[in-house]
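Keep the structure open while you read.

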Amino acid sequence: MSVFKEALQASAAREPKVLGHPDFEGLAVGERRTASIVAAFIDLTDFTGRSFWDDETEVVDLAHAVLSGFVETVVNFGGFPLGLRGDGLFAGFGPGNPQVDGVMALSACSFALDAVETVVNPRLERLGIARVQARAGLDYGRITFVRSGSGQHSEINPLGFAANFAAKCEKKANSWEVVAGEGLAELLPHADAFVEHEDSPKTYQRDYQRRTYRFYDYRWRSTLRHIPGTVQQLDGNPTESIALF
């Protein structure tokens with residue numbers, strides 16, 4: 001169980017910080033602010049079944065170790081971990097240069113899945129622990145951050161179609177897949193890693209109006225060769241500090 005102990009010791013060494021986006025933490029209850037960002041969900045697949053069968057301590061240790069890695073990855077790629085959702089992480093990239101935000105978000109998700117597959121799982125196997133699986137969903141668009149609750153108990157809640165559709169993309173993704181919405185794919189029109197999903201488009205209908213929205217499989221493995229060096233260059237800075245030339 002050394003992999004868990006190492007993660008626990010590493011997290012204990014860090015100062016505790018609440019997840020969230022620093023640009024919106026100062027909002028008063030009821031106050032809101034809207035920005036265009038990339039919303040991303042990274043989660044462990046089939047973890048409910050694991051929590052049914054396995055020892056609860058092992059399940060918690062495993063989720064803690066992997067989710068702590070997801071948080072660290074998002075930060076290192078210039079994003080903001082917005083909240084943990086049980087066995088998954090909700091994150092945002094931006095606001096800044098939308099193309100940079102998109103590239104960094106996709107790179108972070110690709111890096112996270114590759115790390116689980118090639119680093120975490122071999123170590124779990126050596127320890128006699130079943131492998132874990134991961135997936136991700138993303139989209140880009142306007143998100144409204146609003147503080148909801150009371151003066152005593154409140155939380156910043158990021159709301160908007162991009163966040164909702166990113167969550168839909170995550171649910172549509174199978175293990176080891178990254179699925180992205182139309183808003184994100186349109187940021188990178190020349191990228192050949194997007195392939196329209198077999199279930200795309202999603203149709204929305206209200207009254208007599210009908211509209212569609214496309215979503216794509218993102219071939220994340222083909223982009224891994226571009227990632228080395230990115231984290232070092234970014235050095236944990238937000239994506240707004242980067243410019244494309």
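A residue counts as buried when its relative accessible area is under 20%. By that cut-off, buried residues make up 45% of the 245 residues in the chain. The model is a predicted one. The chain holds seven helices and ten strands. Its exposed surface comes to about 13,300 Å², and carbon and sulfur atoms supply 50% of that area. Take the contacts between residues at least 6 apart in sequence: 71% of them join residues at least 24 apart.

Now the rings. A pair of aromatic rings is described by the distance of the centres and the angle of the planes. Rings pair if their centres lie within 6.5 Å, and planes under 30 degrees apart count as stacked. By this rule the chain has eleven aromatic pairs. One of them joins F41 and F90, with 4.5 Å from centre to centre and 5 degrees between the planes, a stacked pair. F41 sits in strand β1 (residues 32–45) and F90 in strand β3 (residues 88–93), so this pair ties together parts that are 49 residues apart in sequence. Both F41 and F90 are buried.

Turn to F161 and F165. Their ring centres are 5.4 Å apart and their planes lie at 25 degrees, so this pair is stacked. Here both partners belong to helix α5 (residues 161–172), four residues apart, or about one turn of the helix. How exposed is F161, and how exposed is F165? F161 has a relative accessible area of 39%, so it is partly exposed. F165 has 3% relative accessibility, so it counts as buried. F161 and F165 also belong to one aromatic cluster with Y204, Y213 and F215. At Y204, the charged end of K202 sits over the ring, 5.6 Å from its centre.

Next, the nonpolar cores. The largest has 46 residues, and F70, F93, L138 and V178 touch the most other members. Several elements supply at least two residues each, including β1, α3 (56–76), β3, β4 (133–149) and β10 (215–218). The largest share, ten residues, comes from α4. Look at F70. Leaving aside residues up to four places away in sequence, F70 touches I42, D43, L44, L89, A112, V116 and A134.

Technical notes. Residues numbered from 1 in each chain as written. Predicted model: local features only at pLDDT ≥ 70, side-chain atom pairs only at ≥ 80, totals over all residues. Heavy atoms only, no water. Phe/Tyr/Trp six-rings, centres within 6.5 Å; stacked < 30°, edge-to-face > 60°. Buried < 20%, exposed > 50% of the residue type's maximum accessible area, 1.4 Å probe, protein only. Lys NZ or Arg CZ within 6 Å of the ring centre and 35° of its normal. Core = buried A, V, L, I, M, F, W, Y, C linked by side-chain atoms within 4.5 Å. Contact = heavy atoms within 4.5 Å. Areas by Shrake-Rupley, 256 points an atom, 1.4 Å probe, with all protein chains shown as cover.
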